[in-house]
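Biologist: I'd like to learn how to read a model like this one. Can we go through it feature by feature?

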Amino acid sequence: MRRSFVMALVLAAALTIYPAVALADQLCASGGGTFIAGEQRTLGLTWTYKSEWSHIEGVPYRELRYRSDGSVSFSQDVASGVIYSAFSNCPNGNCSDAFRRTAVKNLGTRTYSWDMDQRALGAC
Amino acid sequence: MNKRHKLVSLALAGALFAAVGIGVSQAVGGGAPPVPSPDSRLLPAQGQSKVLHVAQTIHGKSWWIKTYTNRFGSYCYDQNVPDEGVGSGCVPSKRALFENGRQIYVSVGGRQNEGTPDPTRWDTVWINGFSIPAVTRLEVVNADCSRMAVPLDAGVFLVVFSGDQLYSGAWPEQLVGYGASGKVLSTAKIDLAPPDTPAARAAGTRAPTPQSCS
């Protein structure tokens, strides 16, 4: 009986800290490669709380997030030199998933590499 | 107590404590939305905090920029875009912003509202960036030659164009940086493009041709 009680206590403790455990986000869409000047790459539409752009520091580029109706919810031109950038749906620190497509456009004059991730807190 | 009784006791105790556990976690968390694990690249270095700049309220919405040095020594910024989230970026160092004689590091952003009345246009545009300490005042010059003061704080600037300004024809073209004497120290071109949408492409939407402003 004592062992049952201890096991139940462990279970209860685990459930108490469950929200902290359940906070790992998941990768819903990702891509990378090269793109020529003026070219745009777009990930698929998924639930997303965070878009990330990396390894594009050699050229200026445009970060984009689209809604399902094709309208632009966020666009930002980034001068060359930025080594990592992200956009999170976390107003006032409260994060939530929105249905978005993440995109990147090469604003430079030469071919360069691109790398994007799209993450959700819940299901993709 | 036989084995079956033990199993039933375990199940009952587990269910009871699970209910208590969930209740406690909800009470502690207050039913708050989840907060993901922080990205170490976007955390300030040990002992430092993010510094707020150019906070402003546009049509009841709060816009701001925060700067900091992250745990890897990069110079980073967060920018609040109301109703959508926070954009963040890092450069290797603050000095890297002003390499090759650059005095104004400018970036332009934009967004369309959900259900926008005109999918070929922006509903909000912002110009943000950094300037060298010698620049004490900034002004944006529009394609129609109208001018607008740019909020500047400790070398960080942000100016927001609302939908009513944009729909009445405002289109930012250039930033002008002035020194303490009032003399122009530097200028930077603002390359605002129409929204990257099929609607804008189909309509052939283009940036207005800039006039020659004195």
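This is a predicted model: local features need pLDDT of at least 70, side-chain atom pairs count only at pLDDT 80 or more; totals for chains, interfaces and linings use all residues.

Biologist: What percentage of the 124 residues of chain A count as buried?

Modeller: For chain A, that comes to 43%.

Biologist: Now strands. How do I read their pairing?

Modeller: The general idea is that strands of a sheet pair through backbone hydrogen bonds, either parallel or antiparallel. Take β4 of chain B, residues 85-91. Its pairing with β3(B), residues 75-81, is antiparallel and has seven bridges. One opposite pair there is V81(B) and G85(B). Three residues sit between the two strands of this hairpin, and D83(B) has a positive phi near 70 degrees.

Biologist: Which strand of chain A is joined to β4(B)?

Modeller: That's β7 of chain A, residues 84-88, which runs antiparallel to β4(B) with five bridges. To find the spot on screen, look for A86(A), whose bridge partner is S88(B).

Biologist: How many of the residues of β4(B) are buried?

Modeller: Seven of its seven, so to speak: β4(B) is mostly covered.

Biologist: What is the strand order in the open sheet of chain B?

Modeller: Read it as β8-β7-β11-β12, four strands with antiparallel pairing. At the edges stand β8 (147-150) and β12 (184-189) of chain B; each has a single partner strand, so one side of each lacks a neighbour in the sheet. On average, neighbouring strands here are turned by 25 degrees against each other, direction ignored.

Biologist: Last one: is A202(B) buried or exposed?

Modeller: Count its neighbours. A202(B) is exposed because it has 10 C-beta neighbours inside 10 Å, and the cut-off for exposed is 12 or fewer. You'll find A202(B) in helix α3 of chain B, residues 198-203. A202(B) and T120(B) are 82 residues apart in sequence, yet their C-alpha atoms are 8.8 Å apart in space.

Note on methods: Residues are numbered from 1 along each chain as its sequence is written. Chains are lettered from A and ligands numbered from 1 in the order in which they are written. A residue is buried if 20 or more other C-beta atoms lie within 10 Å of its own, exposed if 12 or fewer, and partly exposed in between; C-beta atoms are placed from the backbone. Two strands pair if DSSP finds at least two bridges between them. Axes are lines fitted to C-alpha atoms, for helices over the stretch in contact, and angles run from 0 to 180 degrees between N-to-C directions.
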